[in-house]
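The structure comes first, then the details.

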Amino acid sequence: MDRPIVARDMMVRNLVTLSPTMDAFEAIDCLLRHRISGAPVVDSWGKFLGVFSEKSSLQFVIDAAYDALPSSNLMQFVDADPPTIDAETDLLTIAQTFLDASCRRLPVLNEEGCLLGQISRRDLLRAVRSQMQQNTANNTGSVGLYLSAVIENEDRPF
């Protein structure tokens, strides 16, 4: 590969998204129906508002158990400030963000805050494995894997 691997190379663009007008029950049903652990919440213009996840769902359940009339307003349970990245974020930065934030997914946003796609930990692992296999097939070894995320081939020290 002639250039570092970045978010746009591995992000999933066709996502299940949730609307801020949904209630929490609808959102939970959506997660279960699609067998996903969370989904981005976007407004009608594609602006990213946060993430509703299994953890959000559990918070809803706990609140419902303690409140006689719990709110089912989705936005009350959305993580409105999760870690996000842009399309040019390199592979190592993405991996470090996953480790630091202990999150399962990273929304990829443009400069206006609109959702472009998402990268899961599994997407990242697929990209790493693919790069390792490519290096092996090209007899370039695996040393370039981690450096390929931040340094172009011709600039690598070895």
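## Helix packing

In this predicted model, helix α2 (residues 24–34) and helix α3 (residues 54–66) have axes that come within 10 Å and cross at roughly 140°.

Which residues make the contact? Helix α2 supplies Ala24, Phe25, Ile28 and Leu31. Helix α3 supplies Glu54, Ser57 and Phe60. By type, the residues of this contact divide into 5 nonpolar, 1 polar and 1 charged.

## Aromatic pairs

The count comes to 2 aromatic pairs. One is formed by Phe25 and Phe60. Their ring centres are 4.9 Å apart and their planes stand at 90°, an edge-to-face pair. Phe25 lies in α2 and Phe60 in α3, so this pair ties together parts that are 35 residues apart in sequence.

Phe60 also pairs with Phe77. Here the centres are 5.3 Å apart and the planes lie at 85°, so this pair is edge-to-face. Phe60 belongs to helix α3, while Phe77 sits in the loop between α3 and α4 (91–101). The pair therefore ties together parts that are 17 residues apart in sequence.

## Cluster and burial

Phe25, Phe60 and Phe77 form one aromatic cluster. Are Phe60 and Phe77 buried or exposed? Phe60 is buried, with a relative accessible area of 4%. Phe77 counts as buried at 7% relative accessibility. The cut-off for buried is under 20% relative accessible area.

Methods:
Residues are numbered from 1 along each chain as its sequence is written. This is a predicted model: local features need pLDDT of at least 70, side-chain atom pairs count only at pLDDT 80 or more; totals for chains, interfaces and linings use all residues. Side-chain values use heavy atoms; hydrogens and water are left out. Axes are lines fitted to C-alpha atoms, for helices over the stretch in contact, and angles run from 0 to 180 degrees between N-to-C directions. Helices (H or I, at least four residues) and strands (E, at least two) are DSSP runs, numbered from the N terminus. Contact means heavy atoms within 4.5 Å. Ala, Val, Leu, Ile, Met, Phe, Trp, Tyr, Cys and Pro count as nonpolar, Asp, Glu, Lys and Arg as charged, and the others, Gly among them, as polar. Rings of Phe, Tyr and Trp (its six-membered ring) pair if their centres lie within 6.5 Å; planes under 30 degrees apart count as stacked, over 60 as edge-to-face and the rest as tilted. Buried means under 20% relative accessible area, exposed over 50%, partly exposed in between (1.4 Å probe, protein chains only).
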